[in-house]
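The points are grouped by topic and are meant to be read alongside the coordinates.

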Amino acid sequence: MTSPGFYPTGIRFENIEKRYGGLAALRRIRFEISPGECVALAGRNGSGKTTLLRIAAGLVRPSAGEITFPASSRGASIPSPAARPGAKAAAGFVSHATMVYDELTAEENLLLFARLQQTPDAPARVDKLLREVGLFERRTSLVRTFSRGMRQRVAIARALLHGPSILLLDEPSTGLDPQGVSWLAGKLCQLRDAGCTILMSLHGESEISRLATRALRLDAGIIVADTRNGSEVRSILTFADA
Amino acid sequence: MSLLSSTNVLLGKELRTEFRSRELLTTTVVFILMVIVLFSFTFDPTYTESRRFGPGLLWLAFLFAASLMLQPCFLREQNNDTLSALRLSVSDPFAIFLAKLGANTLFLLFTELLMLPVFAILYNVPVLRVFGQLLLVFFLGSLGVSIAGTALSAISAQARMRELLLPLLLLPLLTPVLVASTQVTVGLLDASPFMEWKGVGFLVIFDVVFLTALWLFGEYLLEE
């Protein structure tokens, strides 16, 4: 699924702060994700997970601090998606919302974003992804006729269109049935093994959370736990909502 | 991807989604039709009165219809957070604005041209002999309304009380466009039609200035 120009890329958060008026959503966030690492973000609702992911995607400008994307020895370092538009190509983002148009078909949605991202041989790439997410037979149906789970599959396909070297996933299993969750876990495992860096926010333990090699726990915008120890990772994710 | 190719792809998306939902066009056409028909029966204007008051009424109807059309322009990108997907996919965010204002201008122009024969019949104003000049004024006026309106729609979509904010900001800002467009239209619908070039020049300058401002600062309007 990775593109020919794919280089494993890490993410470095340097003293990231985000304030909305008087509310501090993130405070002094400082950590680094190595290229090819799979990191799970845990924490209660409102702890800052989504804000952190949206900052990493370049959708939200931090109030202070900087994000860089250090590449492996094969690739050049990328300053930030917001600072350099070309760097957006490195990341694929799945949000709470589906980020696809209800009035377009699944195929039209993916072709739209593939063309905007200059994906080579877009129609073939779209067909391949639609088969992978199990929506090829429904490719000409309008997205508004889809169930939430089917929309989520389109959303995941959209994020994978350009073969990103970083995946930012905000509760990616939202709406997926058990088969869908298994498929997504398999896909993420395959991408992780190919060197794709994954940062995902999760609630509780699941097939997907078992892929994480590291877990971070956010509380009121501060990182309160960071571990690579297998049993501690499980513990952080299991008690994320405690 | 170049700015023009991105704009082209996005304009195609705007037209396709609108012609499927017909959300904006239906509202606008019905609104303008109601205003024009209602005023023609209420005032029952004479031939001379029609020429004097018609252009003002026409542009007022266009302006209010445009404010209805512009409201959902960015608002509907928020339903599924599709604006974020667009921001992540385009290399130049100005393409998002260009596509939206292009689509808005086309929709507005389409509505105006659809309503022109109705206006001509109900108000007994001949428009065929000045059709080319009217088309130019409609285009420049609609472009001005769309440029300013698209920018303000992006601002208001992220604000609280967004339904109130857009008309509140839009109507005073568009007063100069409305005055200039009306003046030029009055000249064209006169018994001896003439082109008010000063008004046309003003519309061109307004469009260029606002388009340049949007190109320079548009990116900040899309930020969360």
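Predicted model: local features only at pLDDT ≥ 70, side-chain atom pairs only at ≥ 80, totals over all residues.

**Helix packing and sheet architecture**

**Helices 3 and 6 of chain B**

- The axes of helix 3 (residues 47–75) of chain B and helix 6 (residues 131–157) of chain B cross at roughly 45° and come within 8 Å, and the crossing of these two helices is right-handed.
- On the side of helix 3 of chain B, the contact is made by B:Leu63, B:Ala66, B:Leu70, B:Gln71, B:Cys73, B:Phe74 and B:Leu75, while helix 6 of chain B contributes B:Val145, B:Gly149, B:Thr150, B:Ser153, B:Ala154 and B:Ala157.

**Helices 5 and 8 of chain B**

- The axes of helix 5 (residues 94–122) of chain B and helix 8 (residues 197–222) of chain B also come within 8 Å, crossing at roughly 100°, and the two helices are therefore roughly perpendicular to each other.
- Their contact is formed by B:Phe94, B:Ile96 and B:Phe97 of helix 5 of chain B, together with B:Leu214, B:Trp215, B:Gly218 and B:Leu222 of helix 8 of chain B.
- The residues of this contact between helix 5 and helix 8 of chain B divide into six nonpolar, one polar and no charged.

**The sheet of chain A**

- Chain A has an open sheet of six strands in the order 5-6-7-3-8-9, with mixed pairing.
- Strand 5 (91–94) and strand 9 (222–227) of chain A stand at the edges with a single partner strand each, so one side of each has no neighbour in the sheet.
- Direction ignored, neighbouring strands of this sheet are turned by 15° against each other on average.
- Strand 3 (residues 38–43) and strand 7 (residues 197–201) of chain A run parallel and are joined by four bridges; A:Val39 has A:Leu199 of strand 7 of chain A as its bridge partner.

**Helices against the sheet of chain A**

- Helix 4 (residues 148–160) of chain A lies across strand 5 and strand 6 (166–170) of chain A, and runs at about 165° to strand 5 of chain A.
- Helix 6 (residues 230–238) of chain A packs on the sheet, where it touches strand 3, strand 8 (214–219) and strand 9 of chain A, and its direction makes about 35° with that of strand 8 of chain A.

Key. Residues numbered from 1 in each chain as written. Chains lettered and ligands numbered in written order. Axes fitted to C-alpha atoms, helices over the stretch in contact; angles between N-to-C directions. Left-handed = near helix turned anticlockwise from the far one by under 90°. Contact = placed C-beta atoms within 7 Å. Pairing = 2+ DSSP bridges. Parallel < 35°, antiparallel > 145°, perpendicular 65-115°, else oblique. Nonpolar A, V, L, I, M, F, W, Y, C, P; charged D, E, K, R; others polar.
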